[in-house]
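Thanks for coming, everyone. Let me put the structure up, and then we'll walk through it.

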Amino acid sequence: TEDFLLTYRVFLPEVDQLTSSLLHWFKDSSYRYKILSVITSWVSAHFTDFDYNPRLWKFLEDFESELRVWNLKQELTQFRQLCSQKTLHRTITISRDKSDPIPLLVGGTQIGCGTFVTKVAEGSSFAKALLRASDQLIQFNDTKLDQFSEDRITKMLTQSTKFTLVVRSNKIGTKEAIQRSEDDINKNRVLDNQPRVHSTDSIGKTKAFSGFIDSFKQ
């Protein structure tokens with residue numbers, strides 16, 4: 001299996017032929033855990049294949065959806081943990097005009113965690129540079145971002161037209177940041193004697209990434 005995945009570029013002209021077959025076979029219960037083993041081995045040994053190929057990254061997202069469809073909760077958690085362990089820092093260069101939409105973020109020092117991307121506008125300079133939902137922002141040019149608030153980082157991105165970002169995929173960290181943000185919203189609303197907000201309510205930033213939140217809660 002590992003040798004085949006290492007050399008799939010030689011055997012197949014298009015990676016879509018491989019990924020679509022894997023997803024198709026996964027739907028068959030007699031092959032399901034064999035396919036899970038193949039994909040897990042691929043991620044474990046060659047995660048850079050996915051980090052730098054948008055079609056392969058989409059395949060990982062589709063595979064996660066299949067794990068949710070078949071209610072494989074333990075396998076989904078383990079798969080996300082594996083992806084978080086294998087991902088490497090990526091450096092991306094952004095060149096944009098100020099009308100280019102800024103990614104939606106969650107986290108930061110105000111809720112005591114890193115800052116994560118929850119949405120990237122399709123066709124934006126950020127999307128073209130392969131910034132993705134669930135990426136953690138590590139560094140802006142030479143400035144590390146672990147001591148910055150979400151609002152401060154958003155302002156930095158908004159006011160800049162050419163810069164580099166160091167990022168890494170971190171779905172588990174994103175899930176935690178979303179939960180902390182939701183808890184913080186609810187805490188403030190309780191203090192103001194307002195109804196609690198849940199991940200599917202259509203208010204504020206929660207509305208903007210409710211679908212992203214829901215994908216983590218299944």
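**Rings, cores and helices**

Start with the aromatic cluster: Trp42, Phe47, Phe50, Trp57 and Phe59 are joined by ring pairs. Keep in mind that this is a predicted model. The count of aromatic pairs comes to eight. Take Trp42 with Phe50. Their ring centres are 4.8 Å apart and the planes sit at 55 degrees; edge-to-face needs over 60, so this pair is tilted. Trp42 and Phe50 are both buried.

Now a second pair, Phe126 with Phe163. Here the centres are 6.1 Å apart and the planes are at 45 degrees, so this pair is tilted. Phe126 belongs to helix α8, residues 125-128, and Phe163 to strand β6, residues 162-169, so the pair ties together parts that are 37 residues apart in sequence. How buried are these two? Phe126 has a relative accessible area of 0%. For Phe163 the figure is 2%, and Phe163 is buried.

On to the cores. The largest nonpolar core has 27 residues. Which residues have the most contacts inside it? Trp42, Val43 and Phe50. Helices α3, α4, α6 (54-69) and α7 (73-86) are the elements that give two or more residues to this core. Set aside the neighbours of Trp42 within four places in sequence, and its contacts include Leu5, Tyr8, Val15, Leu18, Leu22, Phe47, Phe50, Leu56 and Phe59. Asp49 and Thr19 are also among the residues that Trp42 contacts. Apart from that core lies another, of 18 residues, with Ile92, Val117, Leu157 and Val167 among them.

Next, helix packing. Helix α3 covers residues 15-26 and helix α4 covers residues 32-45. They pack at an angle of about 140 degrees, and their axes are 8 Å apart. On the α3 side, the contact uses Val15, Leu18, Thr19, Leu22, Trp25 and Phe26. On the α4 side, it uses Arg32, Ile35, Leu36, Val38, Ile39 and Trp42. By type, that contact divides into ten nonpolar residues, one polar and one charged.

Helix α9 next, residues 150-159. Its buried residues are Glu150, Ile153, Met156 and Leu157. Why do they line one face? Seen down the axis of α9, they fall within an arc of 125 degrees, so one face it is. The spacing has a simple background: an α-helix has 3.6 residues a turn, so residues three or four places apart point the same way. On the other side of α9, Asp151 and Gln159 are exposed.

Now a charged residue. Is Asp51 buried or exposed? Buried, with a relative accessible area of 1%. Asp51 is in helix α5, residues 48-51. Leaving out neighbours within four places in sequence, Asp51 is in contact with Trp57, Thr87, Leu88, Arg90 and Arg132.

Last, two backbone points. Asn71 is not a glycine, yet has a positive phi of about 55 degrees. Asn71 sits in the loop between α6 and α7. Its relative accessibility is 54%; the cut-off for exposed is over 50%, so Asn71 counts as exposed. Leu130, not a glycine either, has a positive phi of about 70 degrees. Leu130 is in the loop between α8 and β4 (135-140). At 24% relative accessibility, Leu130 is partly exposed.

That's the tour. Happy to take questions.

Conventions: Residues are numbered from 1 along each chain as its sequence is written. This is a predicted model: local features need pLDDT of at least 70, side-chain atom pairs count only at pLDDT 80 or more; totals for chains, interfaces and linings use all residues. Side-chain values use heavy atoms; hydrogens and water are left out. Buried means under 20% relative accessible area, exposed over 50%, partly exposed in between (1.4 Å probe, protein chains only). Helices (H or I, at least four residues) and strands (E, at least two) are DSSP runs, numbered from the N terminus. The arc is that of the directions from the helix axis to the C-beta atoms. Axes are lines fitted to C-alpha atoms, for helices over the stretch in contact, and angles run from 0 to 180 degrees between N-to-C directions. Contact means heavy atoms within 4.5 Å. Ala, Val, Leu, Ile, Met, Phe, Trp, Tyr, Cys and Pro count as nonpolar, Asp, Glu, Lys and Arg as charged, and the others, Gly among them, as polar. A nonpolar core is a set of buried Ala, Val, Leu, Ile, Met, Phe, Trp, Tyr and Cys residues joined through side-chain atoms within 4.5 Å. Rings of Phe, Tyr and Trp (its six-membered ring) pair if their centres lie within 6.5 Å; planes under 30 degrees apart count as stacked, over 60 as edge-to-face and the rest as tilted.
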